[in-house]
Every structure is written in C-alpha cells, then in structure tokens.
Amino acid sequence: MSKIKAKHKYLCLQFLQELITLRSFKTVYLDFMWKKIINLCGSYSFMAALLTLYAFIIGAATFLESGYDAVSVKELIYTSWWFIAIQGILIINFIFIAARQNLWQQRKYGTLLLHYGFVVILV
C-alpha cells in the first residue's frame, strides 16, 4: 500500500511540475507578444504605413464623391467600422509614440502638442 501511495505522490508532483513549467512558458510567451505589440504600436514605420493607408482611403473617397453623392460615400467609407478602426489605431499609435519618446519629460512641448493635436483631430 505504501508503494502505491508513493507512486501516486510522485505522479502528482510530476504533474504539478509540468503545469508550472507550462504556465511559465505561457507567461514568457505572452510577455514577449505584449512587448512586440507595444513596440509595433509605438513605431514610426507603423505610423507611416497607417498614414499612407489613411491618405489613400481618403483620396479614393474623394474620387468616389465626384461620381456619386456625398451621403452614399459617407455611409460607404467614412462611417464604416474599418475606417473608424484605422482612426482608432492611429490615435493609439500617436499616444504610444508620445509616451515612448518621453516628450513631456524632455520639454519637447511642440512635438507633444503636434501628436496630441492629431489625436484631437481624429477624434
């Protein structure tokens, strides 16, 4: 009977060790992914890509307005979920860049005002 209890105890400890190892792997992986996402959200290249996409969409909407009426283009593009999502991602990007560069601590108030001005315009 004691051999069975000892083996059971060993299996339980082994299972707990595997769970702890798996948990730490998940934690490390999630921390790595969050850092990647934060670095992407605060990068200038991501901002340039988003602004290029935003300008292309607005240009296409302008050409569509010349062929159709403004109400239909407003419903088709300007109030669509994906256009609002791009604006939201741009807002997050501007805030992350301002926070990442520590603009308020370096007394770069002009650059900080520019970034938050874009946020106000997009809102």
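A nonpolar surface patch is here a group of nonpolar side chains (Val, Leu, Ile, Met, Phe, Trp, Tyr) joined within 5 Å, drawn from residues that have over 30% relative accessible area and no salt bridge. The views below all show a predicted model.

**View 1. Overview of the predicted chain.** The chain contains five helices and zero strands, and these elements follow one another along the sequence in the pattern α-α-α-α-α. Of the 123 residues in the chain, 20% are buried, and the accessible surface comes to about 9700 Å², with 71% of that area belonging to carbon and sulfur atoms. Among the contacts in the chain with a separation of 6 or more, 62% are accounted for by residues 24 or more positions apart.

**View 2. A nonpolar patch that includes Ile38 of helix α1.** Trp34, Ile37 and Ile38 form this patch on the surface, and together they have about 310 Å² of accessible area. Ile38 has its place in helix α1, which covers residues 2-41. With a relative accessibility of 41%, Ile38 counts as partly exposed, because that category lies between the buried limit of under 20% and the exposed limit of over 50%.

**View 3. Helix α2 and the elements that cover its buried residues.** Helix α2 has 24 residues and reaches 35 Å from its first C-alpha to its last, which is close to the 34 Å expected at 1.5 Å a residue. The buried residues in α2 include Met47, Leu50, Tyr54, Ile57 and Ala61, and what covers the buried residues of this helix includes α3 (70-78), α4 and α5.

View 4. Phe63 lies in helix α2 and is exposed, with a relative accessible area of 68%. The C-alpha atom of Phe63 is separated by 9.8 Å from that of Val73, a residue ten places away along the chain. Leu53 also lies in helix α2, but Leu53 is partly exposed, its relative accessible area being 39%. Between Leu53 and Ile86, which are 33 residues apart along the chain, the separation of the C-alpha atoms is 8.7 Å.

**View 5. The buried face of helix α4.** Helix α4 has 20 residues, and the distance from its first C-alpha to its last is 28 Å, close to the 28 Å expected at 1.5 Å a residue. Its buried residues are Phe83, Ile86, Gln87, Leu90, Ile91, Asn93, Phe94, Ile97 and Ala98. Seen down the axis of α4, these buried residues fall within an arc of 160°, so they line one face of the helix. An α-helix has 3.6 residues a turn, so residues three or four places apart point the same way. Helix α4 is followed by Asn102, whose phi is positive, near 50°.

**View 6. Gln87, a buried residue of helix α4.** Gln87 is found in helix α4 and is buried, with a relative accessible area of 16%. When its neighbours within four places in sequence are left aside, Gln87 is in contact with Tyr54 and Leu122. Of these two partners, Tyr54 is itself one of the buried residues in α2, and Leu122 is one of the buried residues in α5.

**View 7. Helix α5 and its two sides.** The face of α5 turned away from its buried side carries the exposed residues Gly110, Leu113, Val120 and Ile121, whereas the buried residues of α5 pack against α2 (44-67) and α4 (81-100).

View 8. Val119 lies in helix α5, and at 11% relative accessibility Val119 counts as buried. Not counting residues up to four places away in sequence, Val119 touches Ile91, Phe94 and Ile95. Val119 and Ile92 are 27 residues apart in sequence, and the distance between them in space is 8.5 Å, C-alpha to C-alpha.

Technical notes. Residues are numbered from 1 along each chain as its sequence is written. This is a predicted model: local features need pLDDT of at least 70, side-chain atom pairs count only at pLDDT 80 or more; totals for chains, interfaces and linings use all residues. Side-chain values use heavy atoms; hydrogens and water are left out. Patches are made of residues with over 30% relative accessible area and no salt bridge: like charges are joined within 9 Å, nonpolar side chains (Val, Leu, Ile, Met, Phe, Trp, Tyr) within 5 Å. Accessible areas come from the Shrake-Rupley method with a 1.4 Å probe; for residues, only the protein chains shown count as cover. A salt bridge is a side-chain nitrogen of Lys or Arg within 4 Å of a carboxyl oxygen of Asp or Glu. Helices (H or I, at least four residues) and strands (E, at least two) are DSSP runs, numbered from the N terminus. Buried means under 20% relative accessible area, exposed over 50%, partly exposed in between (1.4 Å probe, protein chains only). Contact means heavy atoms within 4.5 Å. The expected span of a helix is 1.5 Å times one less than its number of residues. The arc is that of the directions from the helix axis to the C-beta atoms.
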